[in-house]
Amino acid sequence: MIDGACHCGALSWRTPHLPEHLARCTCSVCRRYGALWGEVDPAATELSKSNQAREYLTGDKMLAFVFCGRCGNLSHWRSLPGHGDRMKLNFRLADPERIRDLHVRTFDGADTWRYLD
Ligand SMILES: [Zn+2]
């Protein structure tokens, strides 16, 4: 199990496995957030039920970014209905020791939609 929580503790997640790698994304949203994404199985991932959860829907309404209304930390994104069943957690919310050895890749979400390595 690996856990993550926002700074104030209102939002948290728990997932059974570390992802194979983490990714920085260059797209217009992610580069601003500075998130470190790891893809997980949505069905196996537990999210806290908090009234502090806020969502930012991208312009094309394909996915929702979920962040804390109190401390502002970004928790995860999930695809919206009709756009698959995917979720990436922001591993910046995890214990840095747990993710220290994971390979970090750069995903070119701004342009080619490919990993740059
Ligand atoms: Zn918070």
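A residue counts here as buried if 20 or more other C-beta atoms lie within 10 Å of its own, as exposed if 12 or fewer do, and as partly exposed in between, with C-beta atoms placed from the backbone. By that rule, buried residues make up 26% of the 117 residues in the protein.

Before you click, two notes. This is a predicted model, in which local features need pLDDT of at least 70 and side-chain atom pairs count only at pLDDT 80 or more, while totals for chains, interfaces and linings use all residues. Residues are numbered from 1 along each chain as its sequence is written.

**The whole chain**

Start with everything shown as a cartoon. Followed along the sequence, they read β-β-β-α-β-β-β-β-β-β-α-β.

Now switch to the C-alpha trace, which spans about 35 × 35 × 25 Å along its principal axes. The radius of gyration is 13 Å, in agreement with the value near 13 Å for a compact globule of 117 residues; this radius is taken over C-alpha atoms, and the globule rule is 2.2 Å times the number of residues to the power 0.38. Among contacts between residues at least 6 apart in sequence, 54% join residues at least 24 apart. Two residues are in contact if their C-beta atoms, placed from the backbone, lie within 7 Å.

Two strands pair if DSSP finds at least two bridges between them; strand 1 and strand 2 (residues 12-15) run antiparallel and are joined by four. To see one of these, pick A5 and look across to S12, its bridge partner in strand 2.

**The nonpolar core**

Which residues have the most contacts inside the largest nonpolar core? Select W37 and F91: they hold that place in a core of 23 residues. A nonpolar core is a set of buried Ala, Val, Leu, Ile, Met, Phe, Trp, Tyr and Cys residues joined through C-beta atoms within 7 Å. Strand 3 (21-25), strand 4 (37-40), strand 7, strand 8 and strand 9 each supply at least two of its residues. Strand 7 gives the most, with five. In soluble globular proteins, nonpolar side chains tend to be buried together.

Stay on F91 and show its surroundings. Leaving aside neighbours within four places in sequence, F91 is in contact with G4, L22, L36, G38 and I99.

**Out to the loops**

From G38, move to H83: the two are 45 residues apart in sequence and 18 Å apart in space, C-alpha to C-alpha. H83 sits in the loop between strand 8 (74-79) and strand 9 (87-90). It is exposed, because 12 other C-beta atoms lie within 10 Å. Beyond its neighbours within four places in sequence, H83 is in contact with M62 and L63.

Now select K61, in the loop between strand 6 (53-57) and strand 7 (63-68). Is K61 buried or exposed? With 11 other C-beta atoms within 10 Å, K61 is exposed. Check its backbone too: phi is near 55 degrees, a positive value in a residue other than glycine.

Finish at W113, in the segment after strand 10 (103-107). Phi of W113 is near 60 degrees, again positive in a residue other than glycine. W113 counts as exposed because it has 10 C-beta neighbours inside 10 Å.
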